[in-house]
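Please keep the sequence and the structure in view while reading.

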Amino acid sequence: MGKFVVKETATGVKFDLKASNGQVIATSEVYTTKAACLNGIESVKKNSAGAVEDQTVEGFAKEKNPKFEVYADKAGEFRFRLTATNGQTIATSEGYTTKAACLNGVESVKKNAPEAEVVEE
């Protein structure tokens with residue numbers, strides 16, 4: 001069972017969604033308040049069933065929000081970002097060396113986020 005880990009940073013509060021093995025599968029922006037961070041977690045839980053938009057293929061099909069956008073970064077690694085119904089990015093991934101690993105990350109968010117507990121570090 002995954003969990004959302006809420007932690008203070010030098011500039012605010014953020015969360016990491018961790019899989020049951022402890023691996024970070026998605027990270028939030030830094031929020032100014034803990035309440036805003038908790039709202040972000042609720043948004044990820046609610047929107048994690050979104051479709052996958054694979055932006056690495058030419059002429060990719062545009063999906064409606066909420067969605068996972070899979071893309072290649074400047075370093076050539078694959079990443080995803082979860083966008084909410086309003087189009088705002090609510091969680092991002094680390095860089096993956098293969099698209100398959102990135103898509104596994106998306107599936108892990110879909111599986112873990114809805115029921116994940118929230119803990120503070």
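## Basis for the description

A residue is termed buried when its relative accessible area is under 20%, exposed when that area is over 50%, and partly exposed in between. The model described here is predicted.

## Asn 47

Asn 47 belongs to helix α1, which covers residues 34-47. Its relative accessibility is 3%, and Asn 47 therefore counts as buried. A polar atom of the Asn 47 side chain is placed 2.7 Å from the backbone oxygen of Ser 43.

When neighbours within four places in sequence are set aside, Asn 47 is in contact with Pro 66, Leu 82, Ala 84, Thr 85 and Ile 90.

## Pro 66

Pro 66 is located in the loop that runs between β4 (51-54) and β5 (67-72). The peptide bond joining Asn 65 and Pro 66 is cis, with omega at about 0°. Because its relative accessible area is 23%, Pro 66 is classed as partly exposed.

Which residues does Pro 66 contact, leaving aside its neighbours within four places in sequence? They are Asn 47, Gly 50, Ala 51, Thr 83, Ala 84 and Thr 85.

## Position relative to Met 1

Along the chain, Pro 66 and Met 1 are 65 residues apart. In the model, a distance of 23 Å separates the C-alpha atoms of Pro 66 and Met 1.

Technical notes:
Residues are numbered from 1 along each chain as its sequence is written. This is a predicted model: local features need pLDDT of at least 70, side-chain atom pairs count only at pLDDT 80 or more; totals for chains, interfaces and linings use all residues. Side-chain values use heavy atoms; hydrogens and water are left out. Helices (H or I, at least four residues) and strands (E, at least two) are DSSP runs, numbered from the N terminus. Buried means under 20% relative accessible area, exposed over 50%, partly exposed in between (1.4 Å probe, protein chains only). A polar contact is a pair of N or O atoms within 3.5 Å; within protein, one must be able to donate a hydrogen and the other to accept it, and residues adjacent in sequence count only if both atoms are side-chain atoms. Contact means heavy atoms within 4.5 Å.
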